[in-house]
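Please keep the sequence and the structure in view while reading.

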Amino acid sequence: MADRESYASFWMGIMENKGIAYFGIMGILAALCVLGIVTFIKNRKSNYWWRWIYIFGGSYVLFDLFAIATGMKFWSRLLQMMFDTNSAYWNFIWLFFIFLGGCVFVLGVRLLRSIKMEEN
């Protein structure tokens, strides 16, 4: 939020150059998404409500990675609009992502706490 230009140019550079950092990030994200989906499927009889995040979040990220990797035109335009630092919507878009990440963080902390409570 503080240095829009550097943030946007860094991520757009990663996506456009498709170097080792790009493939490393893509590989890690894809592996984590697949692991989350597999975990959901393996535990389908005892899934808690929050495990649906694995399916929806993992599927979205896998689609996002696929669209970036294959260079889908509409997705490239969407990303260019997302990283347009002159857009009036810049703060709204990125504050939404910060809020979403904060919600997932709080959920994770609450789940860890409940696991610790059950152990005691």
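In which loop is Lys18 found? Lys18 is found in the loop between helix 1 and helix 2, where helices (H or I, at least four residues) are DSSP runs numbered from the N terminus. The model is a predicted one, in which local features need pLDDT of at least 70, side-chain atom pairs count only at pLDDT 80 or more, and totals for chains, interfaces and linings use all residues. Residues are numbered from 1 along each chain as its sequence is written, and side-chain values use heavy atoms, with hydrogens and water left out.

**Overall form**

- The chain has 5 helices and 0 strands, a strand being a DSSP run (E) of at least two residues.
- The radius of gyration, taken over C-alpha atoms, is 17 Å, well over the 14 Å that the globule rule gives for 120 residues, so the chain is more spread out than a compact globule. That rule is 2.2 Å times the number of residues to the power 0.38.
- The C-alpha trace spans about 50 × 30 × 25 Å along its principal axes.
- Of the 120 residues in the chain, 23% are buried, that is, under 20% relative accessible area, with exposed meaning over 50% and partly exposed in between (1.4 Å probe, protein chains only).

**The nonpolar core**

- The largest nonpolar core has 15 residues, and those with the most contacts inside it are Met15, Ile68, Leu79 and Phe83. Such a core is a set of buried Ala, Val, Leu, Ile, Met, Phe, Trp, Tyr and Cys residues joined through side-chain atoms within 4.5 Å.
- At least two residues of this core come from each of helix 1 (4–17), helix 2 (20–42), helix 3 (52–70), helix 4 (73–82) and helix 5 (90–119).
- Helix 1 gives the most to this core, with 4 residues.
- Leu79 is in contact (heavy atoms within 4.5 Å) with Met12, Met15 and Ile68, leaving aside its neighbours within four places in sequence.

- Lys18 has a phi near 50°, a positive value in a residue other than glycine. Most residues other than glycine have a negative phi.
- Lys18 counts as partly exposed, because its relative accessibility is 31%.
- Thr85 lies in the loop between helix 4 and helix 5, and Thr85 is buried, with a relative accessible area of 10%.
- Apart from its neighbours within four places in sequence, Thr85 is in contact with Arg4, Glu5, Ala8 and Trp90.
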